[in-house]
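Here is a short briefing for a first look at this structure. Keep the sequence and the 3D view side by side as you read.

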Amino acid sequence: MKRSAAVLVALGASVASFPLWADTADVKTQSWVHVKKQGTHCKDDPNRMNRYHPAIKPVMRAKPGQLILFETRDALDSDLNVDSQPKDLAAVDLNNVHPITGPVYIEGAKRGDVLAVTLIDVEPDEYGYTTIVPGFGFLRDLFTQPYIANWELNRMEAVSKQLPGVAIPMNAFMGTVGTLPGPAEVDAWLERETKLGEAGGIALPPQPINALPADVCGPNGSHKDKCLRTIPPRENGGNMDVKQMVVGTTLLLPCYIDGCGLFVGDVHYAQGDGEVSGTAIEMGAKVTVRTEIRKGMLAMIRGGPHFEGGSQLKKLEPDVFHATVGYPTKKAGEVPPYLKYLDSEKIAGLTNLSEDLALAARNSLIDMLDWLQKNRSMSAEQAYVYISVACDVRISNMVDVPNYTASTICPLEHIKR
């Protein structure tokens, strides 16, 4: 019998005289939609995709106001584990990035609306990782060898044998979240990215190999030449990696097709502003969101998603910190990696670039790498990983020409060494 009934019996009352009251866990007040994970990898899972196109069919439907539980995979769709070594990164196939859960059709949403997505909860897996992959990351010219930090996760903190004495608090968020583009958006974004690639810039054209869903985006897919890659964020959101989109914030996404096509993936346990090594603390997770339709408001967010919230951002600020400041200066003869595609003879000869925030950020990062190695006994790789998961690269000024300024701010309370 229920405990309440047992108490009444002890007081001399008859069980038949009283109802058997339900425990509060038995009382349901919310409506849920559950998008489950199936199989070992994205290719085994009918509820996954790793490309964007409006022809991709929804895997589930949800009404505004319902709670949607997305079960997600890690960003690399990997076989990595707590014993993984740098050599194991050679087996990672970047054509599998990112295994995204969805899309979910939001009933009543139409092109021209805005979909408000509030993050309710993130339940982390017990394992996560941070990698340095050759050729990827902001300082890819300086870090040319593979490296991995394996993290043990709970809802309080992440610890890693590769970074002894470091404990990173959980500030989880959806690294990738967005809505499907419409046909017009696909054409426009492909055109601009194609032109960038032709000019020598970094662009990722459609790649049918390992593309999912295969019937739309794979080698024999109906739209294989127009399925967008998930690595660059765009106006529809996607791989934004904005650490402030934590629990309690509401993301405002454009609705380009009926139903919007909401997707979630690439969840981060924690990240520093910049994610400079190329990865945060990457993990699979269970993510709960709630949606609201804001009718006819697409014109308000044409350039990219907005997000809103309250005091939850205060917990992201450090208690104790050390910071470095960078300016757009360099040695004569050097060309920053991100400017090489411009083939400018002027850049190499200069020792000061004008209004270059990327170079300012690079210099502040290099100074912070040096400081962590000298003052916190870290290797270069450990320092790079720590900055990527815990430190913030921030714009400090964009007016004091020519030297726009960037700062790298590192919390010190997470380091016990």
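Helix α5, residues 357-375, lies across β18, β19 and β20. Its direction runs at about 30° to β20. The model is a predicted one.

**Helices on the sheet**
- Helix α6, residues 380-390, also packs on the sheet.
- Helix α6 touches β19 and β20, and its direction makes about 95° with that of β20.

**The sheet itself**
- Three strands form an open sheet in the order β18-β20-β19, with antiparallel pairing.
- β18 (321-326) and β19 (392-397) each have a single partner strand, so one side of each is left without a neighbour in the sheet.
- From one strand to the next, the twist averages 25°.
- Five bridges join β19 to β20 (residues 405-411) in the antiparallel sense.
- Asp392 stands opposite Ile409 in β20.

**Helix α2**
- Helix α2 covers residues 183-198, 16 residues in total.
- From first C-alpha to last, α2 reaches 23 Å, close to the 22 Å expected at 1.5 Å a residue.
- Which residues of α2 are buried? They are Glu185, Val186, Trp189, Leu190 and Glu193.
- Seen down the axis of α2, the buried residues fall within an arc of 120°, so they line one face of the helix.
- Pro183 and Glu198 are exposed, on the face of α2 turned away from its buried side.
- Just after α2, Gly200 takes a positive phi of about 100°.

Notes
Residues numbered from 1 in each chain as written. Predicted model: local features only at pLDDT ≥ 70, side-chain atom pairs only at ≥ 80, totals over all residues. Heavy atoms only, no water. Pairing = 2+ DSSP bridges. Helix = DSSP H or I, 4+ residues; strand = E, 2+ residues; numbered from the N terminus. Axes fitted to C-alpha atoms, helices over the stretch in contact; angles between N-to-C directions. Contact = heavy atoms within 4.5 Å. Expected span 1.5 Å × (residues − 1). Buried < 20%, exposed > 50% of the residue type's maximum accessible area, 1.4 Å probe, protein only. Arc of directions from axis to C-beta.
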